[in-house]
Amino acid sequence: VQYWVIHLRNNVIIEGEGSNENTGTVLKPVGNHELPLDMFYFNKLHDWNTPEYLENAGFRNFVIDGNEAKGAIYNSSGKGFMINLYKNCSWDNILVKNTDGTGFGMDCPINSTIKNCVAMNCGKAAKSTSPGASGFGIGTGYSNEESLVISNCIAKGNRKYGFFFEHQARFDSN
């Protein structure tokens with residue numbers, strides 16, 4: 001069973017008509033599921049020695065509203081974006097709200113940008129002691145080349161943290 005709506009691919013741009021909740025493009029994962037449902041998903045870490053990155057993907061001008069999706073149990077899934085390893089990717093003018101887990105849950109970036117984005121009321125299914133459940137959760141530690149620029153972004157009303165940066169010791173203990 002797969003618990004995501006869209007499995008991402010390289011060289012794809014997803015662009016809506018705006019991030020205004022009333023007049024823009026609103027994407028909604030829907031329904032009750034065994035585990036929380038990620039809207040966008042990329043994780044091809046099958047072998048630590050041969051990583052596969054999401055490359056040259058772009059996201060612009062839309063809303064992800066997770067209010068109508070619910071996992072039976074919380075396990076830190078249910079993100080707006082769940083991405084492991086990405087390079088040359090960009091996010092601009094995205095609102096992620098009401099997700100079960102973290103809004104922007106993205107680990108190990110290379111040469112990527114997040115600008116003009118908002119994470120609001122993310123982590124709705126989590127307890128205050130649960131993992132994840134933040135607005136922006138950025139993991140690091142897979143490569144020495146990692147770089148990410150975050151500008152003009154807002155996080156408000158999220159269960160745990162607005163912006164959370166974490167060294168992913170599972171990649172490199174240093």
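View 1. Welcome to a predicted model, in which local features need pLDDT of at least 70 and side-chain atom pairs count only at pLDDT 80 or more, while totals for chains, interfaces and linings use all residues. Residues are numbered from 1 along each chain as its sequence is written, and side-chain values use heavy atoms, with hydrogens and water left out. Here, lysine 87 lies over the face of tyrosine 53, at 4.6 Å from the ring centre. A charge counts as sitting over a ring if NZ of Lys or CZ of Arg is within 6 Å of the ring centre and within 35 degrees of the ring normal.

**View 2. Phenylalanine 81 and phenylalanine 104 form an aromatic pair**. The structure holds 12 aromatic pairs. Rings of Phe, Tyr and Trp (its six-membered ring) pair if their centres lie within 6.5 Å; planes under 30 degrees apart count as stacked, over 60 as edge-to-face and the rest as tilted. The centres of the rings of phenylalanine 81 and phenylalanine 104 are 5.4 Å apart and their planes are at 20 degrees, so this pair is stacked. Because phenylalanine 81 belongs to strand S9 (residues 81-87) and phenylalanine 104 to strand S11 (residues 104-110), the pair ties together parts that are 23 residues apart in sequence. Strands (E, at least two residues) and helices (H or I, at least four) are DSSP runs, numbered from the N terminus. Both phenylalanine 81 and phenylalanine 104 are buried. Buried means under 20% relative accessible area, exposed over 50%, and partly exposed in between (1.4 Å probe, protein chains only).

**View 3. Phenylalanine 136 and phenylalanine 163 form a stacked pair**. Their ring centres are 4.6 Å apart and their planes are at 5 degrees, so the pair is stacked. Phenylalanine 136 is part of strand S14 (residues 136-140) and phenylalanine 163 is part of strand S17 (residues 163-167), so the pair ties together parts that are 27 residues apart in sequence.

View 4. Isoleucine 6 lies in strand S1 (residues 4-7), and with 31% relative accessibility it counts as partly exposed.

**View 5. The side chain of asparagine 158 reaches two backbone atoms**. You will find asparagine 158 in the loop between strand S16 (154-156) and S17, and its relative accessibility of 11% is why it counts as buried. Its side chain reaches the backbone oxygen of alanine 119 at 3.2 Å and the backbone nitrogen of cysteine 122 at 2.8 Å. A polar contact is a pair of N or O atoms within 3.5 Å; within protein, one must be able to donate a hydrogen and the other to accept it, and residues adjacent in sequence count only if both atoms are side-chain atoms.

**View 6. Aspartate 65 pairs with asparagine 98**. Aspartate 65 lies in strand S7 (residues 58-65) and, at 10% relative accessibility, counts as buried. A polar contact of 3.0 Å joins its side chain to that of asparagine 98. Strand S7 also holds asparagine 61, whose phi is near 60 degrees, a positive value in a residue other than glycine.

View 7. Of its 25 lining residues, the closest to its centre are Ser76, Lys79, Thr102, Asp107 and Gly132. On a 1 Å grid over the protein atoms alone, a cavity is a set of points where a 1.4 Å probe fits but cannot get out, and a pocket is an open set with protein on both sides within 12 Å along at least five of seven lines; lining residues have an atom within 4 Å of a point.
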